[in-house]
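User: I'd like to learn how to read a model like this one. Could you walk me through it, feature by feature?

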Amino acid sequence: MEGELAHIGAGLAAIGSGAAAIGVGTVAGNYLAGALRNPSAAAGQTATLFIGLAFAEALGIFAFLVSLLLMFAV
Amino acid sequence: MAEEKAEGGLVFHPLDQFIVKPLFGDGPVQWYTPTNVTLWLAIAILATIALFVIGSRGRGVVPSRVQSVAELFYGFIYKMVEDVCGKEGVRYFPYIMTIFVFIFFSNYLALIPMSYSPTSMIAITAVLGFGVFIAVTVLGFVKNGPSFLGLFWMKDAPAILRPIIAVIEVISYFVRPVSHSIRLAGNIMAGHAVLKVFAGFAALTLVSPVAIFGIVAIYGLEVLVCGIQAYVFTILTCVYLKDALHPHH
């Protein structure tokens, strides 16, 4: 029984990946919106873009890690 | 994993590629055993050394092909360090360059089929991440003395909020090495698991040739992710270094 519950938990943890997708989409979309308004300032902000993407993405990776742990380590 | 083979499901489990195996024989893995991890770590280090030794041998005014690649790496990282940390950060350029080139090569060499990706091991990325964390913390205290703690005390915030913000800042400071290392390992591990899952669809190519486009597309995405993750790890190192050099924002 416990094994099945762990797999259900792993599936629930995968919802976190979708939440991270929303975050990454918000960052990239807002960057693009700003870049189209002021293209000359866009090049200077790519580093900030990648840092923001990395922070948003890290939480999705944590969710992925939780589901991996539930599948194989618990 | 064995029962899936018995059921006739996946023949190769997507996560089997992350098993550490000794290169010779089947004995237990000791710290001195040559394994597939140490093999690919060694290849990454040899590739790095080869690129820069061969690249800097000629020192031509008109660079050869290898030299221009080596110069491209050097210029890219040098500009990143200078932009993010300022002129004082350039002193720590060799450390950041080493981290970038090592991660870059271990990420890209792992895209060769049947290879092992050292950066997908949390043990290896944790050493890199905690190394950066300890180095940056020590550097911050050496450079600024106790005023380094001003990093956690926002002078611009309203007085009531300052203690709460300080608590949050301290927590986020100590989570940094964890997220720093798990981001790299998680991205590479997830990417390679997805690659293997899509490679499992290869047999479908007989039924519908469209399947091959899926594999090619996901491989292209992985090529992109490997570069971006090396870049992200390096630029976050630069950001943490900037915090240590200028804690007062």
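**Reading the helices and how they pack**

Analyst: Let's start with one helix. Helix α4 (residues 46-72) of chain A has 27 residues and reaches 37 Å from its first C-alpha to its last, close to the 39 Å expected at 1.5 Å a residue. That expected span is 1.5 Å times one less than the number of residues. Helices here are DSSP runs (H or I, at least four residues), strands are E runs of at least two, and both are numbered from the N terminus. Keep in mind that this is a predicted model, where local features need pLDDT of at least 70, side-chain atom pairs count only at pLDDT 80 or more, and totals for chains, interfaces and linings use all residues. Residues are numbered from 1 along each chain as its sequence is written, while chains are lettered from A and ligands numbered from 1 in the order in which they are written.

User: Which residues of α4(A) are buried, and what do they pack against?

Analyst: Burial is a neighbour count: a residue is buried if 20 or more other C-beta atoms lie within 10 Å of its own, exposed if 12 or fewer, and partly exposed in between, with C-beta atoms placed from the backbone. In α4(A) the buried residues are A:Ala54, A:Glu57, A:Ala58, A:Gly60, A:Ile61, A:Phe64, A:Ser67 and A:Leu70. They pack against α1 (2-13) and α2 (15-37) of chain A, together with α6 and α7 of chain B.

User: How do I read the overall form of chain A?

Analyst: Chain A has four helices and zero strands. Its radius of gyration, 17 Å, is well over the 11 Å that the globule rule gives for 74 residues, so chain A is more spread out than a compact globule. The radius is taken over C-alpha atoms, and the rule is 2.2 Å times the number of residues to the power 0.38. The C-alpha atoms fill a box of roughly 60 × 15 × 10 Å along the principal axes. Buried residues make up 12% of the 74 in this chain.

User: And what does UniProt place on chain A?

Analyst: An unreviewed UniProt entry places "domain: V-ATPase proteolipid subunit C-like" at residues 8-70 of chain A. That span is 92% helix and 0% strand, with its end C-alpha atoms 9 Å apart. UniProt (unreviewed entry) also places "transmembrane region" at residues 6-28 and 49-73 of chain A. Residues 6-28 are 96% helix and 0% strand, with end C-alpha atoms 34 Å apart. For residues 49-73 the end C-alpha atoms are 35 Å apart, again with 96% helix and 0% strand.

User: How many residues of chain B are in contact with chain A?

Analyst: A contact means C-beta atoms, placed from the backbone, within 7 Å. By that test, 13 residues of chain B are in contact with nine residues of chain A. α6 (162-199) and α7 (210-245) of chain B each supply at least two residues of that side. By class, the side has nine nonpolar, three polar and one charged residues. Nonpolar covers Ala, Val, Leu, Ile, Met, Phe, Trp, Tyr, Cys and Pro; charged covers Asp, Glu, Lys and Arg; the others, Gly among them, are polar.

User: Where in chain B does pLDDT stay under 50?

Analyst: pLDDT is the predictor's confidence in each residue, from 0 to 100. Where it is low, the predicted coordinates should not be read in detail. Here, pLDDT stays under 50 over residues 1-9 of chain B. Among the elements of chain B, α1 (residues 2-6) has the lowest mean pLDDT (41) and α4(B) the highest (93). The chain B mean is 85, and 95% of its residues reach 70 or more. The model scores ipTM 0.71 and pTM 0.84.

Terms used
Two residues are in contact if their C-beta atoms, placed from the backbone, lie within 7 Å. UniProt positions are given in the numbering used here, feature names are shortened, and annotations may be inferred rather than shown by experiment.
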